[in-house]
Amino acid sequence: MSTDALFRPIQIKSMTLANRIAMAPMTRSFSPGGVPTRDVVDYYRRRAENGVGLIISEGTGVARPASLNDPNVPRFHGEGELAAWKDVIEAVHAAGGKMAPQLWHVGAVRTREAEWTPPGPYDSPSGLSSPGKQFGEPMSDAEVADAVDAFAKAAGAAKALGFDSIELHGAHGYLIDQFFWHGVNVREDRWGGKTLPERSRFAVEILKAVRREVGEDYPVIIRLSQWKQQDFNVKLAADPKEMEAWLSPLADAGADVFHCSQRRFWEPEFEGSDLNFAGWARKLTGKPTITVGSVGLSGEFIAAYGGEASQPASLDGLLERLERDEFDLVAVGRALLQDPEWVVKVRDGRENELKSFERSAMAVLY
Ligand SMILES: Cc1cc2nc3c(=O)[nH]c(=O)nc-3n(C[C@H](O)[C@H](O)[C@H](O)COP(=O)(O)O)c2cc1C
């Protein structure tokens, strides 16, 4: 099947992308002390040289004491950290690429290194890491306001450094998603509530503050997922009506693009329609959307963490959906982690050169 649908340009506000392929955000933990190294610069440069339309960075921490759970994950605040990110975006631009940092706060998610704890208390809406599981203290109003401000400042810094866009990490059970999720947001003040639109206030306030910081014409992406790392079966929105009530206020507050995270992009979001999450988000909001999840690979990423290898898989099902404009962009994770040349190989029909994904690739910056 022709791959032409992947290689059409797209304009999103001030950003023009050469094609529809985004590199999915992937934490790599190669930034000791929170500062991206030269190897990290070169890792992103290789994706830009090899035709990725939009590189979305690994999650990078905003300025709250416990925004990260790993000392080797890059921060997006502080002089040395931002100087290193400037090297990243300059290298990407010199190679003809476009890039957005993924702005991240992990919230109540345990540290990944036994020997290390963050330099301050964990932030979370209700002090729960999963339903019924106490982890810390609920954030005070002042702490919530400071977290909103931290996201906005990071977005402003991204624009000032020359990044083409920013992505807010509102998915996978991290801080922003913890506010969305009734299972861990049991607040009864203005940051909580019985309905999803009420619990979306934290994301809405972040989007508004980001928009004030970056201006009208700068593209803002928000990544969302129904599933949580704490529970793959959670569905924040049970039907299209609830999904619309969730997404419309986010669009009104300043989200230009919805990055709809699924583990397998072909799974329908609701009964009675083939549309996936990105398909529904586009239909309900009219905004451009990004799909993701096992593109070009036989297995999904959580199993990959457990050691399962994935083989190259046909793109036909994806291409059919893209040709129908079910969604606008396609994010590719592991295939691009394993192989910086994945896009040019797909473009040039070099299918027999596509690589399998091996867990060992996570320990290397190819
Ligand atoms: C090593 C690794 C690190 C990841 N880190 C992040 C992250 O920092 N932020 C995020 O939103 N998703 C993260 N993800 C999820 C990916 O962005 C993507 O949604 C997932 O891998 C599915 O895409 P794939 O099947 O093409 O790999 C990570 C995935 C992997 C494999």
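Student: What is the volume of the largest pocket?

Tutor: On a 1 Å grid over the protein atoms alone, a pocket is an open set of points with protein on both sides within 12 Å along at least five of seven lines. Its volume is the space filled by probe spheres set on the points, which are joined across faces, edges and corners. Here the largest pocket has about 740 Å³. This is a predicted model: local features need pLDDT of at least 70, side-chain atom pairs count only at pLDDT 80 or more, and totals for chains, interfaces and linings use all residues. Residues are numbered from 1 along each chain as its sequence is written, and side-chain values use heavy atoms, with hydrogens and water left out.

Student: Which residues lie closest to the centre of the largest pocket?

Tutor: Lining residues have an atom within 4 Å of a point. There are 37 here, and Pro25, Met26, His172, Phe301 and Tyr305 are the closest to the centre.

Student: Where does the ligand sit?

Tutor: A molecule sits in a pocket if more than half of its atoms lie within 2 Å of the grid points. The ligand sits in the largest pocket.

Student: Which residues come nearest to the ligand?

Tutor: Near means that a heavy atom of the residue lies within 4 Å. Around the ligand are 18 residues, and Pro25, Thr27, Arg223, Ser294 and Arg334 come nearest.

Student: How much of the ligand does the protein bury?

Tutor: Accessible areas come from the Shrake-Rupley method with a 1.4 Å probe. Alone, the ligand exposes 600 Å², and the protein buries 97% of that.

Student: What is in the second largest pocket's lining?

Tutor: That pocket holds about 240 Å³ of space. It is lined by 14 residues, with Trp227, Phe232, Lys235, Gln262 and Glu267 nearest its centre.

Definitions and conventions. 1 Å grid on protein atoms, 1.4 Å probe; cavity = no way out; pocket = protein on both sides within 12 Å on 5 of 7 lines; lining within 4 Å.
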